[in-house]
Amino acid sequence: MKKHLSRIVSNRILAVLIASFAILMAITVIFVFLYAKNRTKSMMSFYLNDLRDYAVFSMDRHLMNDTVRYTKDIESLVAEDGAEFFTDAEYDAAAGRYFLRSLEYNKGSMDEINLVDGNGIIRASTVEDYVGYDMHSGEQSTEFLCLLDGTDVFVQDIKEMSYDGKTRMRYSGAAFKNTKGFLQVGIKEDTYYLGCENYMITRIRDERVGRTGYYLLLDREQKIIGSPRGAYNGDVFHLPDDPKVLAESGRVIKVNIYGADSYVGAKMLHDDIILVIYPVAEAWETWNVAMLVLITIYAVVFAVLFVFINRLMAKYVVQGVYSLNGSLLKITEGDLNEKADYRESVEFDELSDGINYTVDRLKELIKEADERIDAELKLAARIQNSFIPHKFPAFPDREEFELFAEMIPAKEVGGDFYDYFLIDDDHLALVMADVSDKGIPAAMFMVMAKDKIHHSVMKYCTDVSAAIADVNQELLKENDAGLFVTVWLGVVTLSTGHVDYVDAGHEYPAICRAGGKFAVNEDEHSGPVAALKKMKFDAGSFDLGPEDILYLYTDGVTEANDPDGEMFRVDKMLDALNADTGASVEEIDANVRRAIDEFVKDAPQFDDTTSLVFRYKGAG
């Protein structure tokens with residue numbers, strides 16, 4: 001008597017859960033370690049940038065405040081005397097007088113102060129040689145002229161002086177409020193960074209990083225000049241790595257600093273090195289607690305899962321599941337001869353029979369569908385074929401030309417098509433096209449495109465650009481499937497041999513001049529039809545002389561594959577065309593198709609091959 005599923009219990013649940021728990025713990029430990037390390041590095045980078053930016057911002061603010069204050073002081077002196085020296089003929093003397101009076105208590109740590117009038121001319125300066133200098137004359141000084149156009153304060157980056165490449169200055173300017181002109185204040189690079197250094201030293205004395213971390217500031221000889229409450233000032237600081245190299249790399253290293261294992265990061269500010277020291281114990285204490293909490297949660301969750309899954313899976317046979325799952329996998333991969341045959345219990349017996357019945361019924365339905373699809377495709381191919389002209393010779397009463405065309409679909413229904421028709425007694429239209437799909441959707445789109453091209457060309461005649469543009473708009477209205485079509489359209493004036501054409505994303509045609517060889521004609525190219533609403537189609541033209549031959553084709557000709565996946569390509573097509581250029585148009589086309597057949601051998605083809613041969617005989 002067969003057993004029921006309720007009596008079958010899996011023995012492997014515990015091992016699977018233990019392995020899963022171990023893997024999850026390993027992943028968690030790695031993730032927490034990487035995240036904590038990256039978080040510490042990011043935090044230290046933030047502190048370094050914060051201190052550096054604070055020093056630069058404080059010094060810039062000091063520079064701007066002094067500039068504004070000097071400006072206001074000069075304006076106050078002018079106002080006290082009731083003078084308007086900026087419009088006075090004695091401007092130079094007055095400006096210099098007030099400027100010097102202001103400098104008696106204003107110059108401070110500034111290295112240069114210039115008073116500039118509303119025309120951009122320096123009227124007074126702490127550097128006598130600068131008096132009379134035109135601010136418009138130099139690229140560096142021109143930037144400050146914005147203060148004459150409404151800007152209140154302008155601070156320039158540290159730059160080399162044009163007259164002395166060894167001197168670098170940082171300038172600030174402030175516009176006068178009550179009259180035209182501004183005051184420019186300059187400070188040398190070393191003085192500027194000395195001020196930044198003083199700001200950092202002041203902040204470092206009382207600033208902490210986290211709870212127990214701190215900053216150190218080193219000079220160019222790596223002597224400590226800034227530390228918490230000045231405790232380490234004067235010490236020479238040593239690291240395994242050069243602090244400057246460490247600052248440039250942006251790395252964080254682990255070192256024992258003053259008896260405590262610490263993470264160390266560095267940042268340069270001019271010649272000074274900013275260090276941030278963060279104890280390892282503080283960095284990891286939060287993550288250690290987090291790991292203990294996670295381990296406890298995982299242990300509880302896996303214990304509950306073990307009890308639940310063990311009781312649930314006791315009703316099933318693992319081997320039966322594997323067996324039936326293997327059979328189903330083979331069936332889904334296309335092996336419909338596979339049989340499900342696991343019969344260790346009543347339930348599996350019934351399940352096996354159900355799977356086998358389903359597969360048998362599926363094979364019957366597939367066979368019926370294949371027969372119906374084959375019949376429908378053959379009917380569709382006949383219908384599609386009826387839309388393409390097949391009568392050759394075409395227009396036997398016309399002596400100006402010979403024409404032959406042929407389409408061989410890769411499937412029963414293709415997306416290629418050709419067409420030819422007389423617009424009037426003197427104009428013949430030639431069409432070669434390729435829809436961007438295969439099968440029935442492409443065939444339906446091909447019929448619609450062929451019809452619209454025919455009507456549009458009959459309307460526009462030699463204005464082929466307008467004809468294709470009109471077709472483009474019409475097809476886009478009815479193109480829910482998103483198909484497009486490449487088109488080569490040419491209108492031949494039979495009395496002259498002149499050809500007006502549009503190449504909308506199609507293959508270049510091949511032309512053979514009388515007595516010569518076929519060569520590809522790289523004509524004007526535009527995008528495909530029904531791809532974009534505002535597509536522009538450029539027209540081109542060329543002339544055919546008596547006995548010149550035009551060969552049109554789709555990419556199925558040049559992209560035919562041999563058994564090794566090699567393509568036929570244009571050079572082999574030209575070789576076949578040139579085998580006998582004096583033959584009839586039918587034989588020229590046959591030469592190409594024989595060459596393709598010999599090339600592809602038994603390899604299956606996935607694209608339609610369509611071609612048209614046109615020989616111009618002359619005006620008749």
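The model is predicted, so local features need pLDDT of at least 70 and side-chain atom pairs count only at pLDDT 80 or more, while totals for chains, interfaces and linings use all residues. Residues are numbered from 1 along each chain as its sequence is written, and side-chain values use heavy atoms, with hydrogens and water left out. Helices (H or I, at least four residues) and strands (E, at least two) are DSSP runs, numbered from the N terminus.

**Helices α9 and α10**

- Helix α9 (residues 440-460) packs with helix α10 (residues 464-477) at an angle of about 140 degrees, and their axes are 9 Å apart. Axes are lines fitted to C-alpha atoms, for helices over the stretch in contact, and angles run from 0 to 180 degrees between N-to-C directions.
- The two helices α9 and α10 are therefore oblique to each other. Angles under 35 degrees count as roughly parallel, over 145 as roughly antiparallel, 65 to 115 as roughly perpendicular and the rest as oblique.
- In contact (heavy atoms within 4.5 Å), residues of α9 including Phe445, Met448 and Tyr460 meet residues of α10, among them Ala466, Val471 and Leu475.
- By class, the contact of α9 with α10 has 10 nonpolar, one polar and three charged residues. Ala, Val, Leu, Ile, Met, Phe, Trp, Tyr, Cys and Pro count as nonpolar, Asp, Glu, Lys and Arg as charged, and the others, Gly among them, as polar.

- Five of the five residues of strand β1 (residues 112-116) are buried, so β1 is largely enclosed by the rest of the structure. Buried means under 20% relative accessible area, exposed over 50%, and partly exposed in between (1.4 Å probe, protein chains only).
- In a regular strand the side chains alternate between the two faces of the sheet. Glu112, Asn114 and Val116 point one way from β1, and Ile113 and Leu115 point the other way.
- Strands pair if DSSP finds at least two bridges between them. Five bridges join β1 to the antiparallel strand β6 (residues 182-188), where Val185 stands opposite Ile113.
- Three bridges join β1 to the antiparallel strand β2 (residues 122-125), and Val116 stands opposite Ile122 in β2.

- Most residues other than glycine have a negative phi, and most peptide bonds are trans.
- The peptide bond from Phe392 to Pro393 is cis, with omega near 5 degrees.
- His270 has a positive phi of about 60 degrees and is partly exposed, with a relative accessible area of 28%.
- Phe395 has a positive phi near 50 degrees and lies in the loop between α8 and β12.
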